[in-house]
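Hi everyone, thanks for making time for this.

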Amino acid sequence: MSARVTSQASPSLGGPGRLAVLLRSERLRSWSARIGLILILIALFLGGWEFLKWVTDSPRTTLPHFHEVFDYLFDIDSQGNTQWLAIGRQLEVTFIEAVTGLAVATVAGFAAGTLMALSRWTGRGIMPFVIGAQTVPIVAIAPALVIWLGTGWETKALIAGFLAFFPIAVATARGIGDISQDSLDLMASYGASPTRVFFKLRVPGALPYIFTGLEVAAAFSVIGAIVAELPVGSQEGIGVKILTSQQYFSLEPESLFASIGGACLLGGAMVSMVRIVQLIVLRGHRGETIS
Amino acid sequence: MTTTDSASETPPTATQTAIAFEQVRKEFGKGRDATLAVDDVDLAIGEREFVSLIGPSGCGKSTLLRLAADLIEPSGGSVLVKGKSPRQARLDRDYGFIFQAPTLFDWRTVWKNVALPLEIMRIPGMTKQKKQDEIERLLGMVGLDGFEKHRPYQLSGGMQQRVSLARALVFRPSILLMDEPFGALDEITRDRMNLELLRIWSETHTTILFVTHSIPEAVLLSGRVVVMTARPGRVQSVIPIDLPYPRTTEVEESTRYYELVTEVREALGEAMAGDA
Ligand SMILES: Nc1ncnc2c1ncn2[C@@H]1O[C@H](COP(=O)(O)OP(=O)(O)O)[C@@H](O)[C@H]1O
Ligand SMILES: [Mg+2]
C-alpha cells in the first residue's frame with residue numbers, strides 16, 4: 001500500500017526504483033549473470049582468435065579472420081545451397097548417428113549397470129565387458145569396424161553407442177547400488193517386493209547419478225560418431241565434411257573452421273538436450289530446481 | 001473421550017503379548033571377528049504398552065528392534081510378534097518402523113512420502129478418497145497442514161521426523177518400533193514431539209517399543225523402562241513407571257517423576273559400571 005503511494009507520489013522515481021527491485025530479485029540476477037557470463041566468454045573467444053592471428057601474423061590460408069568464417073556461411077556452394085545449409089545437412093546426419101547410439105547405449109548401459117549393482121554373479125560376468133568397453137581403443141579400431149560392417153549410418157551409431165555405453169553403465173551401477181540401508185529397511189518393513197523396491201526406491205534414487213553419466217555419454221556419442229565417419233569411404237556426416245575441408249584447406253580455409261564450429265555446436269546441443277530432459281525428469285529432486 | 005480412554009489404561013495391563021523375546025541371542029559376523037550383540041534377552045511387551053529401551057551405546061537396542069522387525073534374524077532363541085514369526089508379522093504389516101533419521105524420499109513431496117506405504121500395500125477397502133482423507137488427517141495431526149507440496153529438504157529436522165511419524169501411522173500398524181526417533185532434535189522440539197507421541201499412542205491404541213538415550217524422555221513416555229548392559233547386550237533391569245496417564249509436562253515437576261528418573265539413572269550407572 002504505502003509503496004504504491006510513494007511510487008505514485010514520485011513518478012520520476014517509479015521507473016528506476018522498480019528496475020532496481022527487479023535487478024535485486026534472485027532469479028533475474030542469476031539469469032542476467034548467466035547471460036553476462038556467456039557474452040564475456042564469447043568476447044574472450046573472439047578476442048583470443050583475433051589476437052592469435054595478429055600475434056602470429058597468420059595469412060588467411062592459415063587462420064582466417066572470424067568474420068571471414070562467418071561470411072563464408074552465407075556463400076553459395078556448387079549445388080546452389082548456402083554453406084550453412086550444407087554444413088547443417090552434414091550435422092543432421094551425424095546428429096542422427098549420435099542420438100541413435102546414445103539411445104541404444106542408455107538402454108544397454110542401464111541394464112548392465114543394474115545387473116552390476118544387483119546381481120553378484122551376472123554382475124561379475126558383465127564387469128569385464130564393461131571394463132573392456134572403456135579400454136578398447138575404439139578410435140583406433142573404428143576403421144576396421146567400418147570395413148567389416150560397412151559405411152552405413154548404423155555402423156557409426158554403433159560406434160557412438162559403444163563410446164557412450166561406459167559412462168551410463170558405471171553411473172547406473174553406482175546409483176542403483178548406493179541406496180541407504182535405512183531406506184531399504186523401510187521398504188522391507190512394508191513387505192515390499194524386490195520389483196517395488198527397484199521402481200519406487202532404487203530407480204528414482206539413482207536418477208541424479210544416471211543423468212550425470214548421460215551428460216558425459218552425450219558428449220562421447222558425438223565424438224564416437226565423428227570418429228566413425230573419418231575412415232575413407234564414408235559419404236556423409238560432419239566428420240566427412242571436416243576431412244574434405246582439410247583437403248581443400250588452402251583454397252577455402254573458412255570451410256574447415258566453419259565445420260569444426262558446427263561439430264562443437266552439435267556436441268553442445270547434445271549435452272544441452274540431456275540437461276533439459278534432466279531438468280524435467282528431476283523436477284523437485286534436491287538441488288535440481290530450476291533457478 | 002481420549003482422557004477417560006487413556007486414564008483407564010493406567011497402568012497398561014498386558015492382557016496379550018505384542019512382542020516376546022525369549023532367550024534371544026544375536027551374533028554378527030563369524031569366527032574370531034564375531035560380535036555378540038545381544039545375549040539371553042527375555043522380554044515381553046504387552047499390547048498397548050509403551051516400553052522404552054535405554055542403555056549405553058552399542059548395547060544392542062537397535063539390534064532388538066531390528067530383530068522384532070525381521071530386518072535381521074536371531075542367532076538363537078525366539079522372537080514372536082503378535083504370536084507370529086517376525087517375518088509373518090512384517091508381511092502382515094503389523095508394525096511401523098521409525099528410524100533416527102527421517103528417511104524420507106527427496107523426490108517425493110511430503111504428501112507423497114506419507115502415501116508411500118499405501119502405494120506398496122494395497123490395503124483392502126482403502127479407496128482413493130479414504131486414502132486422501134487419511135493422509136490429510138494425519139498431516140493435520142502431526143501439525144503439517146499446508147506443507148503437503150513441500151519437499152523433505154525444505155523442512156526442518158523436527159518437521160521431517162513428523163512426516164516420518166505420519167508415514168508410519170498411515171497404514172495403522174498395531175505396533176510402532178521407534179529407534180531413537182527424536183535423538184537428533186533440539187530439546188524444545190523434542191518435548192513437543194514427546195507429548196504428540198503420547199497423544200497419538202492413546203488415540204490409536206498402538207504398542208510402542210521405543211529406543212532412547214534420554215532418561216527423562218524414557219520416564220515421561222513409558223509404562224516400563226528396560227535398562228540394558230553392553231557387551232553382550234542384556235537386560236539389566238526393568239523399571240515400572242507408575243506415573244498416571246495422560247501425562248503432560250506437569251508430570252516432570254512431580255517428586256515421583258524425580259524419584260523414577262533417579263532410579264533409572266542409578267540402574268544405568270550400574271549397567272555402565274558392569275561394562276567397565
Ligand atoms: N550389521 C552389523 N554388523 C556387525 N556388527 C553389528 C551390526 N549391527 C550392530 N552390530 C554390533 O552390535 C552391537 C550392538 O549394536 P546396536 O544394536 O546398534 O547398539 P545400540 O543401538 O544399542 O547402540 C554393537 O557392538 C555393534 O557394533
Ligand atoms: Mg542404535
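This is a predicted model: local features need pLDDT of at least 70, side-chain atom pairs count only at pLDDT 80 or more; totals for chains, interfaces and linings use all residues.

Look at helix α2 of chain B, where Lys61(B), Ser62(B), Thr63(B), Leu64(B), Leu65(B), Arg66(B), Leu67(B) and Ala68(B) are buried. By buried I mean that 20 or more other C-beta atoms lie within 10 Å of the residue's own, while 12 or fewer makes it exposed and anything in between partly exposed, with C-beta atoms placed from the backbone. So α2(B) is mostly covered, with eight of its eight residues buried. Helices here are DSSP runs of H or I with at least four residues, strands are runs of E with at least two, and both are numbered from the N terminus.

Residues are numbered from 1 along each chain as its sequence is written, and chains are lettered from A and ligands numbered from 1 in the order in which they are written.

Back to α2(B): which strands does α2(B) lie across? They are β1, β2 and β4 of chain B, and the helix runs at about 120° to β1(B). For such angles, axes are lines fitted to C-alpha atoms, for helices over the stretch in contact, and the angles run from 0 to 180 degrees between N-to-C directions. Contact means that the C-beta atoms of two residues, placed from the backbone, lie within 7 Å.

Those three strands form an open, antiparallel sheet in the order β2-β1-β4 of chain B. Two strands pair if DSSP finds at least two bridges between them. At the edges are β2 and β4 (76–81) of chain B, each pairing on one side only. From one strand to the next, the twist averages 20°. Strand β1 (residues 17–28) of chain B is joined to β2(B) by eight bridges in the antiparallel sense, and Phe28(B) has Thr35(B) in β2(B) as its bridge partner.

Those two residues bring us to ligand 1. What surrounds ligand 1? The shell is made of Phe28(B), Gly29(B), Thr35(B), Ala37(B), Ser57(B), Gly58(B), Cys59(B), Gly60(B), Lys61(B), Ser62(B) and Thr63(B), where a residue counts if its C-beta atom, placed from the backbone, lies within 6 Å of the ligand. The largest share, three residues, comes from α2(B). By class, the shell has three nonpolar, seven polar and one charged residues. In that scheme Ala, Val, Leu, Ile, Met, Phe, Trp, Tyr, Cys and Pro are nonpolar, Asp, Glu, Lys and Arg are charged, and the others, Gly among them, are polar.

Next, strand β3 (residues 50–54) of chain B. Why is β3(B) described as largely enclosed by the rest of the structure? Because five of its five residues are buried. Phe50(B), Ser52(B) and Ile54(B) cover one side, and Val51(B) and Leu53(B) the other, all of them buried. Strand β7 (residues 207–211) of chain B pairs with β3(B) in the parallel sense over four bridges, with Ile208(B) as the partner of Phe50(B). Strand β8 (residues 224–229) of chain B also runs parallel to β3(B), joined by four bridges, and there Val51(B) is partnered by Arg224(B).

Zooming out, chain B is assigned domain 1 (1–58 + 70–85 + 174–276) and domain 2 (95–172), with bounds from an automatic or database domain assignment. Their C-alpha centres lie 24 Å apart. Their contact takes 17 residues from domain 1 of chain B and 13 residues from domain 2 of chain B.

Finally, chain A: twelve helices and zero strands. Buried residues make up 30% of its 291 residues. The contact between the chains takes 15 residues from chain A and 17 residues from chain B. On the chain A side, α9 (181–189) and α10 (194–229) each give two or more residues, and α9(A) gives the most, with six. That side of chain A divides into five nonpolar, five polar and five charged residues.
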